[in-house]
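Please read the following walk through the model with the sequence and coordinates open.

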Amino acid sequence: MAQVELVMPKLGESITEATILAWKKKVGDRVEEEETILEIATDKVDSEVPSPAAGVITQILFEENSVVPIGQTIAIISTEVGETVQMAPSTTQPPASAEMIHHSTQAAVVSNGEKGIANAPVVVHETTIVEDLPKPSDSNRFYSPLVRTIAKEENISVAELDALPGSGQGGRVTKSDVLDYVQNRSKAPAALTVQAPSQPKEALKPTPQYIQPAISISGNVEIIEMDRMRKLIADHMVMSKQTSPHVTSFVEADVTNMVNWRNKIKGEFQKKYGENITFTPIFIEAVCKALRDFPLVNSSVEGSKIIVKKDLNIGMATAMPNGNLIVPVIKGADMLNLIGLTKQVNDLANRARINQLKPDEVQGGTFTLTNVGGFGNVMGTPIINQPQVAILAVGVIKKKPAVLETEFGDVIAVRQMMFLSLSYDHRVVDGSLGGSFLRRVADYLEQFDATRTV
């Protein structure tokens with residue numbers, strides 16, 4: 001009996017689990033190699049999982065909406081004709097107390113998305129016995145084995161877990177949430193602190209809580225449930241505002257040379273490289289130059305430490321057809337010329353719009369660019385993409401009258417003008433640094449070489 005175990009694939013260095021969104025196949029269905037079997041989601045991105053081999057699905061071990069650790073077997077595929085189909089038990093989630101996963105000696109083991117070798121030796125994966133970990137409380141909130149293990153090691157009580165805001169799907173507490181809480185535990189709100197038995201109640205001072213005003217749903221209204229991506233965006237934006245004191249600075253730039261150059265060479269560029277050159281790679285090129293001049297803007301904050309990033313990984317906010325935003329990242333952007341940047345920008349933007357990005361392609365950003373001008377907006381006040389400390393918004397480019405200084409005196413001329421705005425974390429970037437960096441980006445755009453060759 002030849003079987004292949006389909007496992008939850010590895011989706012990035014920092015990702016330890018994923019949620020099953022939808023099964024595209026059911027028990028008894030025939031699948032071809034590389035055919036999509038299910039869709040999964042992490043806190044970063046949605047992905048499709050292909051079949052590692054051709055055959056018939058004999059077991060599905062987890063239902064939709066289950067949260068599954070990376071490397072866990074989620075389905076069995078028989079590669080032999082006439083294989084008996086076994087229906088999965090009604091309760092597909094393995095017990096949290098102890099999990100033993102036995103791989104068949106004749107299985108083609110699939111791990112981290114790679115095919116194994118048939119007739120491999122028996123492999124037994126044991127997970128931690130967790131009877132003594134914090135048990136779920138009356139809230140019925142789900143905690144993954146990894147979260148519960150960390151809670152036990154750090155002496156985090158069930159009450160603290162229940163009070164901890166989660167950034168995962170449906171408010172689920174993730175590994176990052178618990179580790180962030182441990183790091184900042186001494187500064188945690190009183191609502192997350194458990195009272196010691198000997199401490200008098202009078203010593204506890206309740207933290208003021210904001211209560212959202214009641215919303216009337218009477219009358220002519222439409223109620224729309226947020227999808228998973230919108231919930232993640234909402235949680236991330238609120239967290240960013242709570243984490244960083246935001247300040248936004250603005251400059252106006254004369255980008256006439258840049259616009260004229262792009263209009264002049266875009267046809268030749270398309271013919272020579274097969275790519276449509278937009279203004280985005282030019283913006284990214286200018287940002288990289290300015291970040292080299294002001295490296296502190298390319299940093300993160302960890303407690304009282306400032307972590308200055310040596311790599312320039314530029315995220316570009318991209319609108320998806322459903323209205324949500326995703327931020328693919330160009331790694332080592334300063335190492336790419338304008339042709340390389342154009343290819344990267346076009347590839348990531350196109351795949352973002354059809355939900356084909358890989359998890360690693362939306363991680364590791366050190367600075368973010370968002371183009372509000374694409375919607376006809378003249379400027380914006382973007383929210384910082386944590387854990388970065390700054391984000392640049394570029395507005396629409398418009399023809400405007402402007403005063404030019406010439407050797408014959410000042411003249412008024414029609415110029416291509418645009419606004420740039422920088423939101424920055426005032427814990428690290430003060431007004432002088434933020435304003436100087438923003439002005440430097442504008443200077444690089446204004447000084448663009450209109451005689452540049454492609």
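Of the contacts in the protein between residues at least 6 apart in sequence, 63% join residues at least 24 apart, where contact means heavy atoms within 4.5 Å. This is a predicted model, in which local features need pLDDT of at least 70 and side-chain atom pairs count only at pLDDT 80 or more, while totals for chains, interfaces and linings use all residues. Residues are numbered from 1 along each chain as its sequence is written, and side-chain values use heavy atoms, with hydrogens and water left out.

The protein has 454 residues, of which 42% are buried. Buried stands for under 20% relative accessible area, exposed for over 50%, and partly exposed for what lies in between (1.4 Å probe, protein chains only). The protein exposes about 24300 Å², and carbon and sulfur atoms supply 53% of that area. Accessible areas come from the Shrake-Rupley method with a 1.4 Å probe, and for residues only the protein chains shown count as cover. The secondary structure comes to 8 helices and 23 strands. Helices (H or I, at least four residues) and strands (E, at least two) are DSSP runs, numbered from the N terminus.

Thr19 stands opposite Val67 in β7, and the bridge partner of Glu17 in β7 is Pro69. Strand β2 is also joined to β4 by 4 bridges, again antiparallel, with Ile20 opposite Ile40 in β4. Of the 7 residues of β2, 6 are buried, which leaves the strand mostly covered.

What does Leu38 touch, not counting residues up to four places away in sequence? Leu38 is in strand β4 (residues 36–41) and is buried, with a relative accessible area of 0%. Its contacts are Leu6, Ile20, Ala22, Trp23, Lys24, Ser47, Glu48, Val49 and Ile74. Leu38 and Pro50 are 12 residues apart in sequence, and their C-alpha atoms are 7.4 Å apart in space.

Strand β8 (residues 73–78) is mostly covered, with 6 of its 6 residues buried. Strand β1 (residues 3–7) runs antiparallel to β8 and is joined to it by 5 bridges; here Val7 has Thr73 as its bridge partner. Strand β6 (residues 55–60) is likewise antiparallel to β8, with 4 bridges, and Val56 has Ser78 as its bridge partner.

Helix α8 (residues 431–446) has 16 residues and, at 1.5 Å a residue, should span 22 Å; its end C-alpha atoms are 22 Å apart, which agrees. The expected span is 1.5 Å times one less than the number of residues in the helix. Which residues of α8 are buried? They are Leu433, Gly434, Phe437, Leu438, Val441, Ala442 and Leu445. Seen down the axis of α8, these buried residues fall within an arc of 170°, so they line one face of the helix. The arc is that of the directions from the helix axis to the C-beta atoms. The buried residues of α8 pack against β13 (246–254), α5 (256–273), α6 (280–293), β20 (367–371), β21 (390–394) and β23 (409–425).

Two of these packing partners each contain a residue to look at. Thr280 lies in helix α6 and is buried, with a relative accessible area of 16%. Leaving aside neighbours within four places in sequence, Thr280 is in contact with Met316, Val345, Leu369 and Asn371. Glu268 lies in helix α5 and is partly exposed, with a relative accessible area of 45%. Glu268 and Val454 are 186 residues apart along the chain, yet their C-alpha atoms are separated by 8.1 Å.

Definitions and conventions:
Two strands pair if DSSP finds at least two bridges between them.
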